[in-house]
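Please view the sequence and the model together while reading the points below.

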Amino acid sequence: MIDIRLLRESPEQVRAAIARRGGQHGPLLDSIIQLDQRRRETLQKVEKLKAERNTASEVVARRKRAQEDAGGTLAGLRELSEEIKRLDDEERTLDAELHERLLQLPNLPLSEVPDGGAAANRVVRTWGEIPKLASPAKPHWELGEALGLFDLPRGAKITGSGFPLFTGPGARLVRALINFMLDLHTREHGYTEVAPPLLVNRETATGTGQLPDLERNMYVTEDGLYLVPTAEVPVTNIHRDEVLAAGDLPRGYVAYTPCFRREAGSHGKDTRGLIRIHQFDKVELVRFSTPENSPSEHEKLLGHAEAVLRRLGIPYRVVLLAAGDVGFSSAKTYDLEVWAAGVATWLEASSASTFTDFQARRANIRYRPRPDSKPEFLHTLNASGVAFPRTIIALLENNQQPDGTVVIPEALAPYLGRDRLAPAGA
RNA sequence: GGAGAGGUGGCCGAGUGGCUUAAGGCGGCGGUUUGCUAAACCGUAGUAGGGUCUAAAGCCCUACCGGGGGUUCGAAUCCCCCCCUCUCCGCCA
């Protein structure tokens, strides 16, 4: 949520910033400005009447105490109260409508974010060598089947397409990745590990920006709870409606969770194998920062996600997303794309974003710069550290050998209990 | 799921319709006293929204006693619905 005062005082600045995202936000902005105007007018009227009523009530109280007749003062107060009730209702309605629309407005991209749509995304750097494979590269779904790592048809039987069943060494690989990543982030990057709820309520999903506009991408239960699309949602909301001390910042949490995404309407492209699925595993990093430090925190966070890929020896590139491509809540996002030799493409395995005070405002997460100062909204940031499916894709496809085996990187081998995956019977 | 007890400021805790601008205590902040510390004493203090002002400060107004409705001229207090915590029962990995 953006600051209504910024919109009130510098509407053209906000309009220009939002326009960089593309899409038509003009009418929404106009209606917000108008609602804000009407709300304040109504508020001023009703508050004036309330002041009158309070004064009159005091007189009544004083008379009653003195055993005098208060009838004369009471006359007319009923009408005043009815008028107050009417205006109060009006103000409440306007405020609710205003709030609802403010929730639909995306964050403002930072100035250093490039103009344009996805085509304007900028590759900031590339790490690692794209492997030169001795034999024709197989895609991961072939490798995974041959190595007995996962069984997609049976996953589809159990639940539906996009719900993978990991088997044997594949299931063990998932467990190895969980432990490898959690160990790295807690031991070397200073994160506090948490294991959050996987179902969240409406307020929580609104706090990070999934609701109201992205509801179609989430699974909802009969109880009105949502399956988490990412650990960002429950973890960022750990401090919802709290005021942290300046000494608490920066603060970082790491969480492993499954993630559930309906991704309604995204069938057709990039859907083979594990590339785009409805349930996947991810280790997520969430940071809370003061506004001054959030730019450096963002770079630090990006580095933590990169460290995972470097340890695993997976070639990747860092992409600064253009204004038209950054997510709803984000002000600036770097994607980490891993190279996958089998499908011969770059796949997004992590997204490192700063949300400035956008989520903090929605979720009411504040901090006190000094013990005697007023609470201010802090900044939230997060990054995948990292998503499993595309990491698995890169590992399998890049490390495949002519004999059909897959070499496991040194950093991961102890967690997997082996340094090579081989087809059954080989 | 059933029965009961609760939810008041940073914390504890009083408050059954108007003298509450939420008592009192603890903690916080400022000060006085004081070799130093402690204690004592005095003072001060919340959050949000709106108005005033070029802006800040200040000042004024409104709201806030778990959340939302209602009764009333007036609600922390009375009524209704919901949420959460605790105790017991039931069910359960």
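Strand β11 (residues 365-368) and strand β12 run antiparallel and are joined by two bridges. Within this pair, Y367 has E376 of β12 as its bridge partner. The model is predicted: local features need pLDDT of at least 70 and side-chain atom pairs count only at pLDDT 80 or more, while totals for chains, interfaces and linings use all residues. Residues are numbered from 1 along each chain as its sequence is written, chains are lettered from A and ligands numbered from 1 in the order in which they are written, and side-chain values use heavy atoms, with hydrogens and water left out.

**The sheet**

- Helices (H or I, at least four residues) and strands (E, at least two) are DSSP runs, numbered from the N terminus.
- The order β5-β11-β12 describes an open sheet of three strands with mixed pairing, where two strands pair if DSSP finds at least two bridges between them.
- Strands β5 (242-245) and β12 (376-377) are the edge strands, each pairing on one side only.
- In general, strands of a sheet pair through backbone hydrogen bonds, either parallel or antiparallel.

- Of the atoms of RNA strand B that come within 4 Å of the protein, 72% belong to sugar and phosphate.
- At least two residues of this surface are supplied by each of α1 (4-9), α3 (26-65), α5 (77-104) and β11.
- Helix α3 provides the largest share, 14 residues.

- An N or O atom in the side chain of R366 is 2.8 Å from a phosphate oxygen of RNA strand B.
- For Q44, the distance from a side-chain N or O atom to a phosphate oxygen of RNA strand B is 3.5 Å.
- The side chain of R39 has an N or O atom 3.3 Å from a sugar or linking oxygen of RNA strand B.

**The two domains**

- Chain A is assigned domain 1 (4-104) and domain 2 (118-421), with bounds that come from an automatic or database domain assignment.
- The centres of domain 1 and domain 2, taken over C-alpha atoms, are 43 Å apart.
- Four residues from domain 1 and ten residues from domain 2 take part in the contact, which means heavy atoms within 4.5 Å.
- About 640 Å² is buried between domain 1 and domain 2, 49% of it on carbon and sulfur atoms; buried area is the accessible area (1.4 Å probe) that two parts lose on being put together, summed over both.
- On the domain 1 side, R21, L103 and Q104 lose the most area to domain 2, together 83% of what that side buries.

**Backbone geometry**

- Most residues other than glycine have a negative phi, and most peptide bonds are trans.
- L211 and P212 are joined by a cis peptide bond with omega of about 5°, and P212 lies in the loop between α9 (202-208) and β4 (226-227).
- Between G385 and V386 the peptide bond is cis, with omega near -5°; V386 belongs to strand β13 (residues 379-387).
- D241, a residue other than glycine, has a positive phi near 60° and is placed in the loop between α10 (232-236) and β5.

Definitions and conventions. A residue is near a molecule or strand if one of its heavy atoms lies within 4 Å of it. A polar contact is a pair of N or O atoms within 3.5 Å; within protein, one must be able to donate a hydrogen and the other to accept it, and residues adjacent in sequence count only if both atoms are side-chain atoms.
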